[in-house]
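Hi,

Here is the structure I promised to pass along.

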Amino acid sequence: MCGIAGHFSAKPLPENTPDLLEGQLQTIVHRGPDGNGQYVERNRGVALGHTRLAINDLEGGCQPLHAVDGRYVLTTNGEFYDFKQHRATLMAEGDRFYTKSDSEIAIGLYRKYGLDFTKHLRGEFAFALYDKGEDELILLRDRFGVRPLFYWVSPDQTKIVYGSEAKSVLAHPDVPAKLDGKAALHQLMQTIAPGMSAFENIVSLDPGYFLRIRKRNGKLDILKQRYWDYDFPYEDDRPSKVDEQEHVERIREELIRAIVLRLEADVPVGCYLSGGIDSCCILGLATGAMQSPTKAYTISFDDTNYDEAPIAKQMAESMGADQEVINLKAADLYGENYVKTVWHAERTFYNTLGVAKNLMSKRVWDSGYRCVITGEGADELFAGYPALKRDMFLHGLSHEPDHVRAEYQQALEKTNSLFKGAILAENQRSHPAWEKLCGFTPSWLQPWMDTLDLARPLLSDDLQHELQGYDPIEEIASRLDKDMLDGRHPLDKAQYTWSKCQLEGQILNWGGDRVDMANSMESRPAFLDHHLAAAAVDVPPNLRIKGNVEKHILREAVKGVLPEVLYKREKFAFMAPPAHTDKEKQMKVEELVSQYLNDETVSDAGICSPEKVSRFLTDYRNDSDATSLVRKDTLLNHLITLHILHRQFISS
């Protein structure tokens, strides 16, 4: 795992380019503390930079990497799996390599296949590949967006600046630092539109896309192209007869292969372990593959309603794992740790789970490990979230009697009552843009529509005027490809839209890469393997959610490694206890409020009205309704973190 940054220009670069590039790299040194490298050709307008976290080829894998014939230069962040097989094949065909690094196969595959090399890349990655022969740059991001990649294009279209994190783009003096007003509203409501960053004119490259950047008539010609998407079959094309066991065996086979590949490293590999099926089956299958006890890391909260550590402990004991439990209290989740997590995430968050995961990745590093396999992506592939179940019950079970669907729905509401206001809306919402796009408004979006109703009135008069007529819900819908939704089952639509918005923008951000790499620790989400995803989309909706059981097919595929209590357990949202749940957390969040939501700070940021924020805080402190407090807790976190962002990146 590493960090990349650089710039590419249609004009020659200035003499101080190496210093400018070093400034970019220093902002992301946490992503790669083991090495630092540059490739600069000023007359060609090329500057590629790399910070290295050594995972494979510890001695010889420094970057930038060069083709043996000198034509190609590569800097990459991430991991390519199956690399040994690719190396052997390419060498049999006459290619040669300088290093034993997995990253170098991208050069050989590009030489062999051109832009079709994407079909052969397996893993999680973001990279820059410069072709000297064509004088063009390729910027590419993995299929699900596990690894981040941001870029800015100059107004005159002569220069592009890119980096693994937005802060490395902002470090270039040509890039203005300003929070984006539209993005601010999106963050307050929770859901950033695909491609948005928190900063004006800094773009997050979409997962499964690449940029091909060439020089034409003194400017850059930038082609953005999709090479992969999360493609569900048309409902009419699904077979009428289904062999459930066949699907079970295929999912098991692909999941095991994905885990075994992610155990490949020149350093020890551990596992994150919560009380959910996803991480527990990862631990169980990894233990089988390694034939030895596995190192496991578990978060424990000081609130039994949110703490999954007891189930995780049971799983660890059943596998003989060497488990470390990180016990977190209010003092850990707020204060300095909270502020640091915002700097790494570069976006707002609604819950302190990101802070908790930041602290867990630090424990991994401190314990001598720098690589773990994680369970992110299982809910996206196998329909694990409560909102997806709700959409299945409302829109995907037309063959079931009304009373059966009502029973399922009632059971869902009862078992998820703790999360009303954040994960599930208490009342059905609808939006015309989404009705046109999907035929219904996905349940995952509806609680954030409720939050938007609270957030928008808090904006300053100037921003209210600037955003007059702007509909963030419609904007999110406009950035999704309707062709990937038409003709699909309602559950497929719900999973696809969630994955395009919340997976990349939230779970893989402040719940994944950004808080793991904050401590130079590489996370490898085995479920987000595109071969496993191809098997998962073929699973019929009624085997992903069978009756009232979510992730049914996954449960059956891995039940042999799960304790019975976990095999039968309903999905439980992994969240940190909100601030309103105890006095100590209330005190800690009030300290942040006094520092970042005081009238002077709010006025300086210019995003919200100090008077309206003050009234919101009064309403929050006087509220006693559980659902309302959950919603206001999420908005309070967004307000605090948005103003922390302003202080860290704009006004500092």
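The biggest contributor to the lining of the second largest pocket is α19, which gives five residues. That pocket holds about 270 Å³ of space. Its lining has 23 residues, and those closest to the centre are P194, D206, P207, Y209 and K500. Two elements give two or more residues to this lining, namely β12 (219–226) and α19 (490–507). Sorted by class, the lining of the second largest pocket comes out as ten nonpolar, three polar and ten charged residues. Please keep in mind throughout that this is a predicted model.

Now to the largest pocket, which has a volume of about 430 Å³. The lining there counts 21 residues, with R238, P239, P540, P541 and N542 the closest to the centre. Three helices each supply at least two lining residues: α6 (244–262), α13 (386–395) and α22 (541–544). By class, the lining of the largest pocket splits into seven nonpolar, seven polar and seven charged residues.

The UniProt record, an unreviewed entry, annotates C2 as "active site". This cysteine sits in strand β1, which spans residues 2–9. Is C2 buried or exposed in the model? With a relative accessible area of 6%, C2 falls under the 20% cut-off, so C2 counts as buried. Which residues does C2 touch, once its neighbours within four places in sequence are left aside? The partners are R31, H50, T51, R52, L53, T76, N77, G78 and M517.

The fold contains 28 helices and 19 strands. Its radius of gyration is 24 Å, close to the 26 Å that the globule rule gives for 652 residues, so the protein is as compact as a globular protein of that length. Along the principal axes, the C-alpha atoms fill a box of roughly 70 × 60 × 50 Å. Of the 652 residues, 63% are buried. Among contacts with a separation of 6 or more, 73% are between residues 24 or more positions apart.

Best wishes

Notes. Residues numbered from 1 in each chain as written. Predicted model: local features only at pLDDT ≥ 70, side-chain atom pairs only at ≥ 80, totals over all residues. Heavy atoms only, no water. 1 Å grid on protein atoms, 1.4 Å probe; cavity = no way out; pocket = protein on both sides within 12 Å on 5 of 7 lines; lining within 4 Å. Points joined across faces, edges and corners; volume = space filled by probe spheres on them. Helix = DSSP H or I, 4+ residues; strand = E, 2+ residues; numbered from the N terminus. Nonpolar A, V, L, I, M, F, W, Y, C, P; charged D, E, K, R; others polar. UniProt positions renumbered as here; feature names shortened; annotations may be inferred. Buried < 20%, exposed > 50% of the residue type's maximum accessible area, 1.4 Å probe, protein only. Contact = heavy atoms within 4.5 Å. Rg over C-alpha atoms; globule rule 2.2 N^0.38 Å.
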